Amino acid sequence: MTAASPVAPATAGVMSRTRWTICALLFFATTINYLDRQLFSLLIPFFENELRLGPTDLALINVSFLLAYGFGMVFVGRWIDRVGPRKGLSATFLLWNIASAGHAIVGSFAGFAGIRFLLGVGEAGNFPAAVRTVAEWFPKKERALATGLFNCGSNVGAILAPLLAVRIAEAYGWRTCFLILGGAGVVWIFFWTRLYRRPEEHPKVSPEELAHIRSDAKEATESLGVGEVFGMRPVYAVAAAKFFTDAPWWFYLTWLPKFLVSEFNLKPTFMAYAIPVVFLVADGGAIGGGWLSSRLIASGRSVGTARKLAMLACALSAVPVMSVGLLVDVPSVAGIPTIYVAVAILSLAAAAHQGWSSNLYTLVSDALPRPAMATVVGVMTAFGVVGGALFQIFVGWALTATGSYALPFLLAGTLYLVGLLALHLILPRVEPVAPKRRVPKGAVVAGGLVMLASIAGLQFALNRPAYTSVDQYRATRPAQLKATGAPVEGPAAHVGWMDARWYFWPTDAGTKAELVKFDRDGRPIVEGKGAAAKGYTGPSAAEVESSRAPGGDR
């Protein structure tokens with residue numbers, strides 16, 4: 001290395017610790033990644049009424065990001081395997097920062113869906129590059145800890161985002177918030193390109209540290225094709241685990257701000273302090289999960305047993321989140337205000353997920369050859385976002401159909417145990433493998449198309465409008481209600497930003513009052529909770545009762 005090198009050489013005979021500097025850079029990249037990712041969900045309370053976005057709209061915008069992020073990882077991860085983390089992470093980092101700032105110039109459902117898609121493509125580079133870098137810079141015994149440390153950045157970003165975003169949005173508006181915070185991370189690229197080199201090429205790495213990094217048995221270095229990657233059994237194990245367990249995490253990331261504000265009637269300022277608590281506790285889970293498996297390995301457990309035991313502890317810790325959706329209408333639990341109980345349970349669930357993820361990502365480096373790691377992380381994340389996208393569609397349906405978050409939280413609490421079971425059944429023993437067969441590319445493409453078709457199919461099955469017009473509602477509803485005549489049109493109301501109207505249907509059991517709200521395109525949606533619906537403004541239930549009229553239109 002010449003005198004023009006950007007960093008000073010290591011001191012001979014001294015064990016350097018440059019690998020932890022590289023880990024710190026990954027930590028900051030992940031922090032910015034999650035900060036930019038979180039802005040949309042945090043700012044929903046500021047623009048959802050202005051832009052007339054309903055639960056299904058928000059779910060589909062989230063799906064747009066997830067599909068770009070997940071399927072983009074397959075290609076971006078493969079590209080990073082070829083060009084290396086230095087160039088690959090720099091380019092994708094720049095793309096996602098441009099997209100994040102670009103949120104400031106859009107103002108519609110289609111605009112947000114498009115810019116979120118571009119953001120997803122850019123952010124797809126972070127984790128494949130980070131996992132590849134950890135495998136390149138750390139021996140196996142330190143990889144879980146290093147992964148846990150850089151993965152803490154996801155929680156730090158999620159902590160900083162509400163603290164900064166809400167204040168900026170309240171003072172200057174939501175568009176300015178996207179512009180300022182979305183473009184602020186570009187400075188990181190300067191430090192990454194200046195400081196990152198491979199261990200063998202880095203002037204700050206001493207011979208002692210290089211020997212420590214390369215202390216494991218020599219691993220294969222030849223490039224692997226996508227067909228060879230899909231020919232290895234562990235890929236399906238980690239992909240299946242990711243499919244089931246990324247869904248709750250994406251649910252927390254994308255819906256938690258709206259859940260707290262709308263269900264507990266909180267101001268955005270309170271939400272800005274509650275969410276950091278959740279992700280601050282999650283930081284402990286990220287480190288603790290990696291520490292637990294490393295401790296079990298040090299005590300004599302096999303790598304596979306240690307990872308799975310740590311993941312089991314995390315899966316069990318996620319179970320209590322099943323109760324959160326049922327706490328909304330409960331004033332207190334054991335004398336403690338329910339909002340504090342809910343935040344505590346959500347914090348435990350977030351910590352459980354991060355501990356789970358630290359071990360799941362590390363399993364990639366435990367069982368698969370290093371040249372394929374970024375590609376494998378891309379593949380498993382694609383499976384994860386398919387699970388997340390399916391869950392988003394389910395959430396949109398549940399909120400529209402029931403007006404409650406109870407079903408999504410019930411499902412979220414069970415999926416880690418399901419994911420662990422799938423992982424163990426596919427991969428009972430964790431040990432390094434080499435590619436032995438090649439899956440045809442046609443089969444890989446067909447599998448991807450099947451996953452995309454499953455998302456489209458679920459969206460069509462759950463969220464297609466029950467009625468496309470008021471005329472269709474009036475024509476088909478009588479048979480559903482067993483009405484004896486035409487409805488009477490009652491007083492107008494609102495549910496959030498949606499216009500709504502009461503209809504009175506004559507039935508053999510008496511007159512049934514039904515609240516109908518109208519989406520952005522004017523399609524009617526029956527609001528099952530009536531005047532008790534969240535965001536309802538209009539005549540009270542008693543006033544509605546008194547305004548009933550005997551059959552016929554008016």
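Colleague: How many Å apart do the C-alpha centres of domain 2 and domain 3 lie?

Modeller: In this predicted model, the domain assignment of the protein chain gives domain 1 (15-213), domain 2 (225-464) and domain 3 (470-547). Taking domain 2 and domain 3 from that assignment, their C-alpha centres lie apart by 38 Å.

Colleague: Which cysteine has the sulfur nearest to that of Cys-314?

Modeller: The structure holds zero disulfides, and a pair of cysteine sulfur atoms would have to be within 2.5 Å to count as one. Cys-314, which is in no disulfide, has its nearest cysteine sulfur 13 Å away. Cys-314 is itself buried, with a relative accessible area of 10%. The cysteine that carries this nearest sulfur is Cys-152.

Colleague: Which two helices are tied together by the aromatic pair of Phe-40 and Phe-112?

Modeller: Among the 37 aromatic pairs found in a search of the whole structure, Phe-40 and Phe-112 form one that is edge-to-face, with 5.3 Å from centre to centre and 65° between the planes. Both Phe-40 and Phe-112 are buried.

Colleague: By about how much of a helix are Trp-188 and Trp-192 separated?

Modeller: Trp-188 and Trp-192 form an aromatic pair that is stacked, at 5.2 Å centre to centre and with 20° between the planes. Trp-188 is buried at 5% relative accessibility, and Trp-192 is buried at 0%. Because these two residues are four apart in helix 8 (residues 188-195), the separation is about one helical turn.

Colleague: Over the ring of which residue does the charged end of Arg-37 sit?

Modeller: Arginines are found over rings at two places described here, and in one of them Arg-116 lies over the face of Phe-65, at 5.0 Å from the ring centre. In the other, the charged end of Arg-37 sits 4.6 Å from the centre of a ring, and that ring belongs to Tyr-69.

Colleague: Which strands stand at the edges of the open sheet?

Modeller: Five strands form this sheet in the order 6-5-4-3-7, with antiparallel pairing. Within it, six bridges join strand 3 (residues 488-495) to strand 4 (residues 498-507), and Glu-489 has Tyr-503 in strand 4 as its bridge partner. The edge strands each have a single partner strand, so one side of each is left without a neighbour in the sheet, and they are strand 6 (524-527) and strand 7 (536-537).

Colleague: How many residues apart in sequence are the parts tied together by Glu-209 and Arg-19?

Modeller: Side chains of opposite charge can pair when their charged atoms come close. Glu-209 forms a salt bridge with Arg-19, their closest N and O atoms being 3.1 Å apart, and both residues are buried. Since Glu-209 lies in helix 9 (residues 207-213) and Arg-19 in helix 1, the distance in sequence between the parts is 190 residues.

Colleague: Is Glu-136, the salt-bridge partner of Arg-198, buried or exposed?

Modeller: The closest N and O atoms of Arg-198 and Glu-136 are 3.8 Å apart, and these two residues are among those linked in a network of salt bridges that also includes Asp-81 and Arg-132. Arg-198 is partly exposed, with a relative accessible area of 33%. Glu-136 has 2% relative accessibility, and because buried means under 20%, Glu-136 counts as buried.

How values were computed: Residues are numbered from 1 along each chain as its sequence is written. This is a predicted model: local features need pLDDT of at least 70, side-chain atom pairs count only at pLDDT 80 or more; totals for chains, interfaces and linings use all residues. Side-chain values use heavy atoms; hydrogens and water are left out. Buried means under 20% relative accessible area, exposed over 50%, partly exposed in between (1.4 Å probe, protein chains only). Domain bounds come from an automatic or database domain assignment. Rings of Phe, Tyr and Trp (its six-membered ring) pair if their centres lie within 6.5 Å; planes under 30 degrees apart count as stacked, over 60 as edge-to-face and the rest as tilted. A charge sits over a ring if NZ of Lys or CZ of Arg is within 6 Å of the ring centre and within 35 degrees of the ring normal. Two strands pair if DSSP finds at least two bridges between them. A salt bridge is a side-chain nitrogen of Lys or Arg within 4 Å of a carboxyl oxygen of Asp or Glu.
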